[in-house]
6 protein chains.
Amino acid sequence: MGEKPPAMQELQYMTWEQVAAAVERDAGIALAVTSTEQHGPHLPLGTDAFIGHQLVLSAAEGLDLVVAPTLAYGYRSRPLSGGGQRFPGTTSLRATTFISVVADIINEFVRHGFRKIALVAHHMENQHLMYEAAYEVVGPTPSGGPRVMVIESPYPPEFSPETQQAVYPDGAPPIAPPAIGLDHASVLETSLMLHLRPDLVHADRMIDDWPERVPGYDLLPIPDGFTVASGVLSGAKGATAEKGEMAWREIVGHTREMLKAEFFSA
Amino acid sequence: MGEKPPAMQELQYMTWEQVAAAVERDAGIALAVTSTEQHGPHLPLGTDAFIGHQLVLSAAEGLDLVVAPTLAYGYRSRPLSGGGQRFPGTTSLRATTFISVVADIINEFVRHGFRKIALVAHHMENQHLMYEAAYEVVGPTPSGGPRVMVIESPYPPEFSPETQQAVYPDGAPPIAPPAIGLDHASVLETSLMLHLRPDLVHADRMIDDWPERVPGYDLLPIPDGFTVASGVLSGAKGATAEKGEMAWREIVGHTREMLKAEFFSA
Amino acid sequence: MGEKPPAMQELQYMTWEQVAAAVERDAGIALAVTSTEQHGPHLPLGTDAFIGHQLVLSAAEGLDLVVAPTLAYGYRSRPLSGGGQRFPGTTSLRATTFISVVADIINEFVRHGFRKIALVAHHMENQHLMYEAAYEVVGPTPSGGPRVMVIESPYPPEFSPETQQAVYPDGAPPIAPPAIGLDHASVLETSLMLHLRPDLVHADRMIDDWPERVPGYDLLPIPDGFTVASGVLSGAKGATAEKGEMAWREIVGHTREMLKAEFFSA
Amino acid sequence: MGEKPPAMQELQYMTWEQVAAAVERDAGIALAVTSTEQHGPHLPLGTDAFIGHQLVLSAAEGLDLVVAPTLAYGYRSRPLSGGGQRFPGTTSLRATTFISVVADIINEFVRHGFRKIALVAHHMENQHLMYEAAYEVVGPTPSGGPRVMVIESPYPPEFSPETQQAVYPDGAPPIAPPAIGLDHASVLETSLMLHLRPDLVHADRMIDDWPERVPGYDLLPIPDGFTVASGVLSGAKGATAEKGEMAWREIVGHTREMLKAEFFSA
Amino acid sequence: MGEKPPAMQELQYMTWEQVAAAVERDAGIALAVTSTEQHGPHLPLGTDAFIGHQLVLSAAEGLDLVVAPTLAYGYRSRPLSGGGQRFPGTTSLRATTFISVVADIINEFVRHGFRKIALVAHHMENQHLMYEAAYEVVGPTPSGGPRVMVIESPYPPEFSPETQQAVYPDGAPPIAPPAIGLDHASVLETSLMLHLRPDLVHADRMIDDWPERVPGYDLLPIPDGFTVASGVLSGAKGATAEKGEMAWREIVGHTREMLKAEFFSA
Amino acid sequence: MGEKPPAMQELQYMTWEQVAAAVERDAGIALAVTSTEQHGPHLPLGTDAFIGHQLVLSAAEGLDLVVAPTLAYGYRSRPLSGGGQRFPGTTSLRATTFISVVADIINEFVRHGFRKIALVAHHMENQHLMYEAAYEVVGPTPSGGPRVMVIESPYPPEFSPETQQAVYPDGAPPIAPPAIGLDHASVLETSLMLHLRPDLVHADRMIDDWPERVPGYDLLPIPDGFTVASGVLSGAKGATAEKGEMAWREIVGHTREMLKAEFFSA
């Protein structure tokens with residue numbers, strides 16, 4: 001069969017017979033649900049997609065888990081968590097469309113015969129909607145059929161003290177209600193990208209910025225000044241590949257632990 | 001015209017001519033989007049609806065704001081924020097239905113001529129979906145038309161130190177990812193209900209409980225032990241009407257400030 | 001457990017454990033589907049909601065029937081039965097939304113375990129649409145599962161001669177095709193409200209009015225003169241609380257008989 | 001151009017250039033919305049479609065009104081007005097589908113340039129849903145654009161005394177709530193078919209029948225005995241082509257008058 | 001029972017008892033899915049509907065196959081296969097509506113008890129969408145339930161050499177990508193109509209025409225010059241009833257063979 | 001800014017400011033709509049996605065055209081063009097979902113300010129549905145707004161004689177009605193993959209296969225024997241990277257010519 005392609009665990013790289021074999025041995029399947037969203041002047045629009053896809057690949061290493069093609073179109077960006085829908089480039093789906101896409105894909109996994117299905121978000125706004133998709137397919141009441149794990153936040157609740165200190169020497173960015181950290185395109189994501197895809201980071205454009213207002217609500221249409229002009233929701237300065245690597249290791253570890261706990265424990 | 005009915009600011013109590021007059025003077029209109037959801041063995045299923053409706057009424061006092069009939073059916077309850085969809089009594093809408101209802105109502109407010117529209121949630125799971133409804137109606141880009149304010153979390157980011165100390169003498173309940181406090185049917189909501197609707201609280205059934213597991217993800221179908229059996233997500237013991245009043249005053253004040261800042265500032 | 005709250009048969013006032021007990025003993029559940037609709041210069045927009053909700057509560061007295069939160073948003077008002085969608089204040093749902101809401105709620109009742117489900121309209125325009133919602137959930141062919149009763153018209157086909165004479169001394173208002181009486185916001189509804197909620201009736205504004213045209217068809221957009229300007233589709237003068245009480249007793253009795261015949265006969 | 005085809009006013013028989021010319025001279029366009037529904041053992045499933053299509057053709061005679069292909073699939077049959085959805089042969093659409101079909105067709109008429117659009121039902125269950133379709137396209141508020149006339153009941157409110165006496169010598173069939181006459185597949189429709197399509201009437205199977213129960217509500221699933229077994233909702237005996245002709249003339253006249261009053265008056 | 005109506009195999013002409021009998025003996029049912037679409041200056045808008053309906057009737061002759069009312073509203077016309085949506089008269093459905101209509105009808109056939117269901121298109125644009133409708137109802141995996149045959153192209157892959165020579169003495173019209181012959185309203189369809197419905201052909205307007213451009217793609221909005229002005233996508237001159245009859249016999253035969261092979265072979 | 005990333009024309013690699021600049025200079029944007037579909041035992045499930053994405057990138061070279069993230073989930077595979085929906089691994093969307101996704105993405109491109117939008121399929125089943133999405137957004141009638149180019153078949157109508165001879169020395173595979181070549185996972189696609197992604201081709205499993213039946217219709221559910229067991233719809237043997245390169249050059253050239261003709265001609 002020749003040489004193993006790079007990352008044979010990816011659905012796109014497998015033949016249907018390899019999928020049939022994976023189903024046969026009760027492998028799981030995971031889907032990253034991400035976004036195409038502005039990430040400031042220094043990070044690419046695919047930041048969520050690159051991180052989310054790599055996260056699922058890395059967390060799946062050593063687990064019998066097929067990785068489906070990452071969904072690079074997510075739910076609409078919101079001003080206080082992603083800059084909002086006034087940026088060119090941010091390309092989002094309506095809520096109803098997003099739910100349908102994820103539900104259709106889960107339904108296909110079920111048709112294939114998979115019984116362990118994981119959804120992993122790297123885009124806060126996908127919250128509830130990816131859950132809804134899973135709910136529409138498998139419902140609330142156990143019946144012995146396939147199970148869907150919904151990971152809306154793959155980050156550990158807390159980083160280790162060393163990582164926390166390295167990434168946020170002056171403390172984490174404040175929490176905007178309802179409880180979303182203003183951590184978009186800032187030091188953490190920038191560090192992760194410097195670790196994972198340094199070729200895509202415009203290091204000379206890593207700025208510190210801040211929304212003019214961080215009120216406890218949203219307004220539609222989005223008024224000027226509500227969306228931070230640069231797209232950076234808190235400081236990106238100080239990001240380094242080293243900090244990224246420290247955080248990455250913990251994020252991957254946390255995600256892998258969640259997958260293992262539910263799907264791959266003895 | 002006889003005696004003023006109780007709460008003439010409510011749309012249901014007004015005649016169409018009174019609404020026409022309100023529109024004429026550029027009044028606003030507010031809608032509470034809540035739930036019918038289990039709240040443990042001691043609180044009624046209408047807890048969110050009662051609190052949400054009263055919150056909008058109280059916050060609107062003194063503001064020129066009509067209060068529409070509260071939406072008592074919300075988006076699906078989730079295990080780690082409301083106990084989830086395995087409880088009898090919890091009566092929820094699909095995401096697509098919920099979005100449509102809220103969007104239709106906003107569209108009608110726009111047809112009436114209202115230009116200041118506020119949505120206020122008292123049910124965490126309505127997040128994003130109520131935003132989506134507003135987005136579908138008015139879009140992201142300002143054009144001089146009506147504005148919709150989306151308040152997904154009407155609670156202040158922090159209570160005053162006195163209130164904080166009174167309500168949570170041992171510290172707030174932990175945060176379940178993605179960042180939702182396990183505060184459902186617990187001391188805070190119970191205190192609020194003891195203040196607002198003591199007739200509906202079964203004081204003899206105010207228990208402390210806790211989910212067996214608070215993992216960083218969800219599972220569907222919802223396995224046994226994932227949903228806390230009692231429906232109480234953290235301790236309800238120690239709740240009092242006095243604590244409820246303290247918190248209530250701050251919640252109402254915070255919500256009123258948000259409404260004023262955007263719609264009723266000079 | 002302390003004092004019984006007012007109307008413990010209401011879902012909103014019950015705990016989930018009380019619902020579980022109701023399901024256990026095979027209680028039924030009823031939902032009033034009403035409207036927020038103009039009712040002339042003298043009646044509030046919540047007229048249908050108040051009457052519909054109270055009707056279900058009263059008809060359910062003595063029956064083992066839980067009463068769900070009334071749906072106060074109904075299908076669009078039509079000119080010849082409710083004044084139509086050009087009045088400010090009238091707040092309606094699209095047909096598709098209305099069907100989805102009612103279907104979702106029925107589905108939740110089924111999930112709770114209820115097997116006797118009643119829908120009761122107090123808004124003519126909900127006709128067919130509430131039926132459709134029930135059809136979508138349980139289908140046409142009996143299979144031993146839950147049953148849904150669809151009461152689109154809770155009024156008796158004929159009032160008793162005494163009531164008929166009292167309410168309509170000069171005869172009932174004419175029937176507009178397709179067979180809907182022009183009885184909106186007129187003597188009957190006004191009398192009912194004077195009986196049930198006199199605090200909400202502007203007695204000094206009870207006028208007689210009449211549509212300019214009562215053609216056998218509708219026109220969209222709604223031309224001027226097609227919608228009666230006042231919102232009163234026939235005379236409201238002569239309404240009294242006494243007439244309201246006479247009619248109310250018969251309406252409640254008729255509705256209770258229907259519920260009993262199907263769900264609570266031996 | 002050769003001989004004029006039979007019924008050149010029908011859209012299906014016209015070329016696009018003839019339609020362009022009709023639009024140019026501000027002709028109207030009419031659509032019959034009917035059903036494929038059981039009509040007892042003696043009438044064909046196309047009864048509504050044949051009558052509805054012919055009615056629009058006859059009413060349009062002499063008016064500048066194009067007749068679109070009749071929609072032969074209508075909203076679901078209901079037990080007390082059409083026998084309900086347990087009969088084989090009855091072929092109906094979901095409410096949402098029906099609304100979409102009618103709305104799409106109206107939208108196309110608008111694209112063609114028509115400004116006078118008429119919908120004519122011959123199937124009671126299409127009520128509200130065909131109205132909704134028109135509403136979705138043109139909305140409630142006049143703006144100088146195309147107008148849609150919605151004729152849900154093309155029959156005159158009352159027949160002339162002679163016709164009334166001829167068709168119903170013993171009085172009309174009773175009215176089932178909400179106000180729909182039990183006139184399905186009975187003497188009136190049978191007489192109309194004997195007049196219009198005698199080749200399709202099984203005269204030897206014209207029976208009298210009656211639902212076992214005519215309650216003021218519906219039940220789903222439809223219990224046995226709720227749907228009349230024969231499909232005849234009141235007596236069909238006594239039907240004659242002569243009675244049919246008398247009624248037909250008045251029905252056509254009434255429908256034509258409605259069309260003229262709104263679209264073709266000076 | 002009197003004289004047999006013309007074409008008793010049509011659902012519209014049958015009573016529900018005749019349908020019940022057909023189901024009982026395991027008859028099939030067929031639905032033509034066609035269009036109302038411009039066919040040049042010489043053919044009527046109903047060309048697809050007339051041919052499609054007659055094709056199903058003729059192919060069904062001698063087979064135990066009920067013919068449902070033809071769906072005369074199809075999916076949107078496209079410029080390079082039907083002239084596109086800029087012609088007045090062309091009356092099409094959205095894709096979602098079309099799928100819903102066909103799915104609803106199939107669902108009803110299933111409810112009747114039919115187990116052999118055939119869909120026959122005479123409108124290229126219905127491709128995939130009619131397939132989707134069948135898929136939504138019966139799914140991909142055999143389970144012993146009803147089967148749906150989807151005939152998107154009822155024409156034989158090749159006509160006999162004699163017919164080919166007669167119809168296309170100079171060769172068939174070119175194929176526009178993706179592989180659709182430019183055969184709309186041209187010699188073949190015109191000949192078929194001269195054979196089947198000569199009363200509806202404007203023989204004096206049978207012209208030869210050709211799109212200005214036949215690119216390998218579509219453009220929206222449809223630019224001028226992209227849609228052929230006359231609506232004839234290739235030559236109509238030379239059409240005769242004799243050629244139509246030759247082709248018709250082969251088309252009917254081919255369709256009947258397909259139906260027999262799957263549903264009526266021993 | 002450091003080194004230019006590999007393929008800066010991809011939306012995912014750009015910052016929002018780079019997109020804003022592209023819009024400013026009136027660049028176009030292209031989206032490949034592909035599939036995750038079985039391609040026999042020797043080609044990966046991502047075959048359409050890899051080829052489609054690379055095709056758009058290559059065709060866009062030298063044109064001012066941004067390339068959006070490829071849609072790797074397409075409409076359902078059909079037995080006679082892609083093997084159909086009984087293969088594990090094939091992961092498809094419902095028609096309605098697919099239309100919504102593509103329409104949402106186009107709408108976002110329009111919001112960004114793009115005026116030249118191209119959709120390029122590499123999956124035959126996406127036909128009509130991607131057209132519908134574009135139609136829903138921009139409609140049929142030119143109005144000076146953005147234009148959408150819909151390339152459902154990016155292959156040239158005919159290859160050059162040399163390529164034709166090299167790829168199909170024994171002639172092209174037969175055409176299955178309605179006019180789709182049985183060219184799935186066969187010599188052409190295999191050669192293309194050997195040229196583009198040889199690391200993903202299992203050369204030892206390149207077999208010749210053929211559907212048992214190639215009827216002129218489809219059947220649902222898909223019977224055994226209707227779907228070719230291997231997933232190869234015609235011979236894959238004889239595929240070489242050299243043949244792939246010959247065909248690729250012509251496919252890229254043809255697609256580029258189409259894009260240039262419409263969007264980038266002087």
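1. Strand β1 (residues 28–33) of chain F and β3(F) run parallel and share 5 bridges; strands count as paired if DSSP finds at least two bridges between them. Helices (H or I, at least four residues) and strands (E, at least two) are DSSP runs, numbered from the N terminus.

2. A word on the basis: this is a predicted model, where local features need pLDDT of at least 70 and side-chain atom pairs pLDDT 80 or more, while totals for chains, interfaces and linings use all residues. Residues are numbered from 1 along each chain as written, chains are lettered from A and ligands numbered from 1 in written order, and side-chain values use heavy atoms, without hydrogens and water.

3. Over to the next pairing: β3(F) and strand β4 (residues 147–151) of chain F are also joined in the parallel sense, over 5 bridges. Here L119(F) finds its bridge partner in V150(F) of β4(F). Between β3(F) and β4(F) the chain passes through helix α5 (residues 129–138) of chain F, a right-handed β-α-β crossover (clockwise from the first strand over the helix to the second, with the strands pointing away from the viewer).

4. How covered is β3 (residues 116–121) of chain F? Mostly: 6 of its 6 residues are buried (under 20% relative accessible area, 1.4 Å probe, protein chains only). K116(F), A118(F) and V120(F) point one way, I117(F), L119(F) and A121(F) the other, and all are buried.

Methods. Buried means under 20% relative accessible area, exposed over 50%, partly exposed in between (1.4 Å probe, protein chains only).
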